[in-house]
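Each answer below sets a value beside a definition and draws a conclusion. Have the sequence and the structure open while reading.

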Amino acid sequence: MNRRDLLKSAALLPLSTTSEPLAPGLARKRSVRLAYIGDTHVLPESKPMNGIAACLQHIQNQADRPQFILHGGDTIMDALAEGRDKVKAQWDAWHQVVKANSSLPIEYCIGNHDVWGYENAKAEPEYGKKWAVDQMRISGRYRSFDRNGWHFVVLDSVQLKPDGSWYTGNLDPEQMDWLKQDLAKTSARTPVLVLSHIPILTTTVFAFNGQQSNPTTIPAGLMHTDFGDLIKLFYQYPNVKTALSGHTHLLERVDYNGVSYLCNGAVSGNWWKTDTHQQTKAGYALIDLYDDGTVERTYVAYA
């Protein structure tokens, strides 16, 4: 993909965002307020556990409190390269922090670091995404649900590379077929929010880790390789209003074809090394969804 072409078609805009209304001219009412958290990267250590606790408490102490939390993935620090005991310790730490610091419901999305990709574990029944699905207590690796007049689509953006190793960003054929059917059966009057860990469309690929060695090449692990197919699909459904993601730990907005693609920073900042990754502070996003399909985001640095 050519960098110049992407930058021509995408706009990096401020923290607060409003999409085009479904019914222009009518007074809008807020349908849902949620908190987006992502890239928490918990470890059974004091710094990440205390940091996540502070974030969850900050969310719940909001005067205008959100109704629930969307977790954008990478709940734990890493399951890709770790053995069973270390992965279990990370999930145990997560559940301990949440139980002690949050009473809000959490809807989860699978991130690349949530996948148990340990090479010697391939014979294990929990290998791959099953362990994450079980720990997140979700119905499957991708799914959809409705909340107060909005339709939420949660995608699994983490797939095996052609050589069988982890990971690249895209939807497998089974999931793409499901997504097409899900959007087709959703009323055109119902606004849609899409959640994926790896961004579908983003300019943060040009800033991640400071500078890419080749600025004209986008690594397949940083943005969906099937972004063109998804853009075309969303264009058929003007009620698709926003697509949330994390993964790059950066804050950004790209508006394209009526969809606001929002990257929402990271609770862990620079993977708990410092509270800032590049120019993005450790934080979470408050997302306000309105009955006319408009969306507003406020990014909150909790530390």
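Q: Why are H5 and H6 called roughly parallel to each other?
A: The model is a predicted one. In it, the axes of helix H5 (residues 173–184) and helix H6 (residues 227–235) cross at roughly 15°. Angles under 35 degrees count as roughly parallel, and therefore H5 and H6 are roughly parallel to each other.

Q: What else describes how H5 and H6 are placed?
A: Two packed helices are described by the angle between their axes and the distance between the axes. The axes of H5 and H6 come within 11 Å. The crossing of H5 past H6 is right-handed.

Q: How do you know that S10 and S11 pair, and in which sense?
A: Strands pair if there are at least two bridges between them. Strand S10 (residues 251–256) and strand S11 (residues 259–264) have six bridges, in the antiparallel sense. One of the bridge partners in S11 is Cys-263, which faces Glu-252.

Q: What do S10 and S11 form, and how many residues lie between them?
A: S10 and S11 form a hairpin, with two residues between them. In the turn, Asn-257 has a positive phi of about 55°.

Q: How many bridges join S9 to S11, and how do these strands run?
A: Four bridges join S9 to S11, and at least two are needed for a pair. S9 and S11 run parallel. Thr-242 stands opposite Ser-260 in S11.

Q: Why are S4 and S10 said to stand at the edges of the sheet?
A: The open sheet has six strands in the order S4-S5-S8-S9-S11-S10, and its pairing is mixed. Strand S4 (143–147) and S10 each have a single partner strand, so one side of each is left without a neighbour in the sheet. From one strand to the next, the twist averages 20°.

Q: How many cavities of 30 Å³ or more does the structure hold?
A: There is one cavity of that kind. The largest cavity has a volume of about 50 Å³, which is set against the cut-off of 30 Å³.

Q: Which elements give two or more residues to the lining of the largest cavity?
A: Those elements are strand S9 (240–245) and S11. The lining includes Ala-243, Leu-244 and Ser-245, as well as Tyr-261, Leu-262 and Cys-263.

Q: What makes residues of this lining nonpolar, polar or charged, and how do they divide?
A: Leu, Ile, Pro, Ala, Tyr and Cys are among the types that count as nonpolar. Pro-199, Ile-200 and Leu-201 are among the lining residues, and Ser-196 is also in the lining. The lining divides into eight nonpolar, two polar and no charged residues.

Key
Residues are numbered from 1 along each chain as its sequence is written. This is a predicted model: local features need pLDDT of at least 70, side-chain atom pairs count only at pLDDT 80 or more; totals for chains, interfaces and linings use all residues. Side-chain values use heavy atoms; hydrogens and water are left out. On a 1 Å grid over the protein atoms alone, a cavity is a set of points where a 1.4 Å probe fits but cannot get out, and a pocket is an open set with protein on both sides within 12 Å along at least five of seven lines; lining residues have an atom within 4 Å of a point. Grid points are joined across faces, edges and corners, and a volume is the space filled by probe spheres set on the points. Axes are lines fitted to C-alpha atoms, for helices over the stretch in contact, and angles run from 0 to 180 degrees between N-to-C directions. Angles under 35 degrees count as roughly parallel, over 145 as roughly antiparallel, 65 to 115 as roughly perpendicular and the rest as oblique. A crossing is left-handed if the near helix is turned anticlockwise from the far one by less than a right angle, and right-handed if clockwise.
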